[in-house]
Amino acid sequence: MRVPLNDLQRACHRDGDAIAAAMARVVARGRVLFGPETAAFEAAFAAYCGTSHCLGVGNGTDALELALRALGVGPGDEVVTVANGGFYATTAILAVGARPRFADIDPGTLTLSPVALAGALTPRTRAIIVTHLYGRLADMDGVLDAAGTIPVIEDCAQAHGAQRRGRRAGAFGAIGCFSFYPTKNLGALGDAGAVVTSDAALADRLGALRQYGWGDKYVVARAGGRNSRMDEIQAAVLTLRLPALDDANARRRAIIARYHAAVPAPVPDWASPVGLDDVAHLAVVRSPDRARLAAALARAGVDTAIHYPVPDHHQPALRPLLAGPVSLPVTEQATAQILTLPCFPEMTEDEVVHVAAALADVWVHPA
Ligand SMILES: *Cc1c(COP(=O)(O)O)cnc(C)c1O
C-alpha cells in the first residue's frame, strides 16, 4: 500500500455534482466577480469566524499583504514574525517595503513565543504577524499581551476553524488572513483567500485596497491599492464546502490521535491530545533522526514531507537583505527534526491503520 501525503481528487469526486451545479449557476447568471456568490460566502465565513467583516481576496499571501497595507505598514517599518512559517508572511512584509524581524518559537507548539516576541519589539515595529502553524492556535493571550498596542495580524491559512474559549482563529487579532489554496482545511478549486476583521474602518480600507484603491469606481481614493479578488466560482465552491469544515477538522484530529496512540511516549511535541484549538492541518512529528524515520516510512509506502525545510532567515533571497546574523535556536532545532505524515480528511481507515502501524514499527525497531 502507498499512502500519499494528500489526494485532492477524492474531495473533488465527492463534491463533483455539487461543484458542477454551483458552476452552472454562476455561468447561467453570467456574473463572475463581486456577485451574490462572493457576498454569500463572505457573510457565511464572517459568521463562522465570529467577525463582523470578511472580504474575499485572490489568495492567502495577498490577504497578508493587504492586511499590512490596511494597517499602514510600509518602508522603514518593521514587522515581527516567525521564521518557520513557510516565508508567506515574509513575502507580504517585503512586498510592502517593510523589514521582517524574526522572533523564535515556543518549543512545545512551534508557534510564536510571547517571550521572544517581547524581546523582538523595537520602536520601529508597526505590526506582528502570528502564524497558527500546522493548525494550532498560537498562544494568543500571551501574544496580545506582549503586543500591547501594536496590531496583530493572524495568519490563519492552516487554521480554519481552530478555536479557544469559543473564539475562532482570525477573531483574536486586528485582522485574520486566510488562504483557500486547495490543500488547506477549507480549499477552493484554485487560488482564493480572505481577510476577516471586526474593525469597520479596517474593513473599509481592505475593501478599497483589494480593488486598485478605489472609493467610487475609477476614483483612486487610497494609495497602495492592488487587484486581488475572489471570483464567483471559487466563492460558490467555498460556500458549499464550509458546512463540512468542522467535521473534516474533527476527522483530521482523529487521524493525529491515532498516530499519537501508535507511538510510545514521550515523543517531543506529541504528548498532549489534540484539542479544538488545533485543526490538525498537518501531522508533524519530530525526530532527532529524521532521515532514518523518513527512509523507513518510505520503505513502508508512506509519503512524507518537511514543512518547512528552510527557515525564512536562511532563504537565499532574503539573506542579503538581513542586517546581520539572526539567532533562532528553537526554530533551527525544529527545522532539523520535523517530518510531516499523511493527514487529510479523505484518508481511508486502511490508510490510517497502515501509517500508524508503520510509525509504531519504526519507533519500536529504530535500527
Ligand atoms: C498556504 C499558506 C499561505 C499562503 O496562501 P496562498 O493562498 O498560497 O498565497 C500563507 N500562510 C500559510 C501559513 C500558509 O500555509
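Select Asn-185 first: leaving out residues up to four places away in sequence, Asn-185 touches Gln-158, His-160, Leu-245, Asn-249, Arg-252, Val-279 and His-281. Contact here means heavy atoms within 4.5 Å. The model is predicted: local features need pLDDT of at least 70, side-chain atom pairs count only at pLDDT 80 or more, and totals for chains, interfaces and linings use all residues. Residues are numbered from 1 along each chain as its sequence is written, and side-chain values use heavy atoms, with hydrogens and water left out.

**Stop 1: Asn-185**

Stay on Asn-185. It sits in the loop between β8 and β9. Strands (E, at least two residues) and helices (H or I, at least four) are DSSP runs, numbered from the N terminus. Is Asn-185 buried or exposed? Asn-185 is buried, with a relative accessible area of 9%. Buried means under 20% relative accessible area, exposed over 50%, and partly exposed in between (1.4 Å probe, protein chains only).

Now show side chains. Those of Asn-185 and Asn-249 are joined by a polar contact of 2.8 Å. Another polar contact, of 2.7 Å, links the side chains of Asn-185 and His-281. A polar contact is a pair of N or O atoms within 3.5 Å; within protein, one must be able to donate a hydrogen and the other to accept it, and residues adjacent in sequence count only if both atoms are side-chain atoms.

Asn-185 and His-160 are 25 residues apart in sequence, and their C-alpha atoms are 6.2 Å apart in space.

**Stop 2: Lys-184**

Select Lys-184. Lys-184 lies in the loop between β8 (175-179) and β9 (193-197). Lys-184 is buried, at 12% relative accessible area. Not counting residues up to four places away in sequence, Lys-184 touches Ala-157, His-160, Ser-179, Arg-252 and His-281.

What does UniProt list for Lys-184? An unreviewed entry gives "modified residue: N6-(pyridoxal phosphate)lysine". UniProt also places "active site" (unreviewed entry) at Lys-184. Such annotations may be inferred rather than shown by experiment; feature names are shortened, and positions follow the numbering used here.

**Stop 3: the ligand**

Select the ligand. Which residues surround the ligand? They are Asn-59, Gly-60, Thr-61, Tyr-88, Thr-131, Asp-155, Ala-157, Gln-158, Ser-179, Lys-184 and Tyr-308.

Pick out the polar atoms next. A ligand oxygen is 2.8 Å from a polar backbone atom of Gly-60. A ligand nitrogen is 2.7 Å from an N or O atom in the side chain of Asp-155. A ligand oxygen is 2.6 Å from an N or O atom in the side chain of Ser-179. Taken alone, the ligand exposes 380 Å², and the protein buries 93% of that.

**Stop 4: Glu-346**

Jump to Glu-346. Glu-346 lies in the loop between β11 (338-341) and α13 (349-364). Its side chain makes a polar contact of 3.2 Å with the side chain of Arg-14. Beyond its neighbours within four places in sequence, Glu-346 is in contact with Arg-10, Ala-11 and Arg-14.

**Stop 5: helix α12**

Finish at helix α12 (residues 329-337), where the buried residues are Thr-331, Ala-334, Thr-335 and Gln-337. Their cover includes β10 (283-286), α11 (290-299) and β11.

Note on methods
Near = heavy atom within 4 Å. Areas by Shrake-Rupley, 256 points an atom, 1.4 Å probe, with all protein chains shown as cover.
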